[in-house]
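Welcome! Have a look at the sequence and the model first, and then we can go through some details together.

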Amino acid sequence: MITSENDLPTVFCGGCGGSVVRPECRGSLERLWAHKVHWECWSECNLSCQFCYRTRGVPLETPDAERLLAAVAVAGAETIVFAGGDPSLRRDIGHLLRRARALGLTTEVQTNAHHAPADFRQALTEADSAGLSLDGPTAEVHDRFRSKRGNFARVLEALEFLEHAGVPVIVRTVVAQPNFRQLAEIGELLLPYGNVAFWHLLEFSAVGTGYRNRRMYELERALFDEVVVQVAARYEGKLEIHARRSEVKSGAYVMITPDGAVYGTADQTVDGLYPRVGSVLQDHLSELAERIEFRREVHEDRYRVIHAKLREKREALAQAVPMIQGDSGEAMD
């Protein structure tokens, strides 16, 4: 059930409760310089990737999800990432995206693109950016990597749809044993799309399901670096490529689980899981910020560059193509 507009929370802190938030909780993430919050807004997924890092939990109902967004905003974050599982499976995702933007948050939706009914496609057009995963240059490589036949075609379909909608896209590729030899060819697929802001090459992280299956995916650092050098040289001046090694990803995020628990990515995992530090719906925002190790010296400049680039890309796309107001295309399901 979606709360009426007049009753939507604009300020919230789990520890403070209600709309009266103590000064040390306001701006607590901004002072940490953790300007990006990654929320696994839905636990379930329609793919069964054997390297998945997602956490499990009962997703928040709409009223608590609205409180979570208000807490992220009052803590001073700039960007909220809706991830999963897959956000397309969350029926109120459009409402939550609009709510986040009304609170002044920049929004990103990360989706595997396999389930894309008309209401989700419309929601994507309202996001500030989208994240798509592309792990192979052919259906054979990508679909095997993602354990879902037909996903390769749907990712490319989504990329084209988002270009017509004027939405910048961050393409993410996991570099691992099953795909590193064919990976460089992915860039050829991306070159025609003017909405691709970044291509991130991610070193495999042994988290979640990936921890149990790490022997299938782990790649020697020398091979990862070789792939990065090869790809960077091939597409120099054509695509903006960022290599995301394990140490770069460490301490880069404030993560929130489907049920509102908070964790960071700087601590060592325990059996493939990062330790939780509290709940955004129950704890003071200032105390949560104190328990998260965010490596400002590593990530501050990187976040500035990414935020500025996405803003420039949105502005350029807005001038180049009209934004889609409705979706007359056939939904993917």
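The side chain of Asp-128 reaches the backbone nitrogen of Thr-107 at 2.8 Å. This is a predicted model, in which local features need pLDDT of at least 70 and side-chain atom pairs count only at pLDDT 80 or more, while totals for chains, interfaces and linings use all residues. Residues are numbered from 1 along each chain as its sequence is written, and side-chain values use heavy atoms, with hydrogens and water left out.

**Around Asp-128**

Asp-128 sits in the loop between helix 4 (118-126) and strand 4 (129-133). Helices (H or I, at least four residues) and strands (E, at least two) are DSSP runs, numbered from the N terminus. The side chain of Asp-128 also makes a polar contact of 3.3 Å with that of Arg-101. A polar contact is a pair of N or O atoms within 3.5 Å; within protein, one must be able to donate a hydrogen and the other to accept it, and residues adjacent in sequence count only if both atoms are side-chain atoms.

Is Asp-128 buried or exposed? Its relative accessibility is 8%, so Asp-128 counts as buried (buried means under 20% relative accessible area, exposed over 50%, partly exposed in between, with a 1.4 Å probe and protein chains only). Apart from neighbours within four places in sequence, Asp-128 is in contact (heavy atoms within 4.5 Å) with Arg-101, Leu-105, Thr-106, Thr-107, Pro-168 and Arg-314.

**Helix 3**

Helix 3 (residues 93-102) has 7 of its 10 residues buried, so it is largely enclosed by the rest of the structure. Among the buried residues are Ile-93, His-95 and Arg-99. Their cover includes strand 1 (36-40), helix 2 (62-74), strand 2 (79-83), strand 3 (106-111) and helix 4. After helix 3 comes Gly-104, with a positive phi near 90°.

An open sheet is built from 10 strands in the order 7-6-5-4-3-2-1-8-9-10, with mixed pairing. Strand 7 (241-244) and strand 10 (276-279) are at the edges with a single partner strand each, so one side of each has no neighbour in the sheet. Two strands pair if DSSP finds at least two bridges between them. Here are some of the pairs:

| Strands | Direction | Bridges |
|---|---|---|
| Strand 5 and strand 6 | parallel | 7 bridges |
| Strand 6 and strand 7 | parallel | 4 bridges |
| Strand 8 and strand 9 | antiparallel | 3 bridges |

Individual residues can be followed too: Ile-170 has Phe-198 in strand 6 as its bridge partner, Trp-199 stands opposite Ile-241 in strand 7, and Val-254 stands opposite Gly-264 in strand 9.

Ala-139, His-142, Asp-143 and Arg-146 in helix 5 touch Asn-151, Phe-152 and Val-155 in helix 6.
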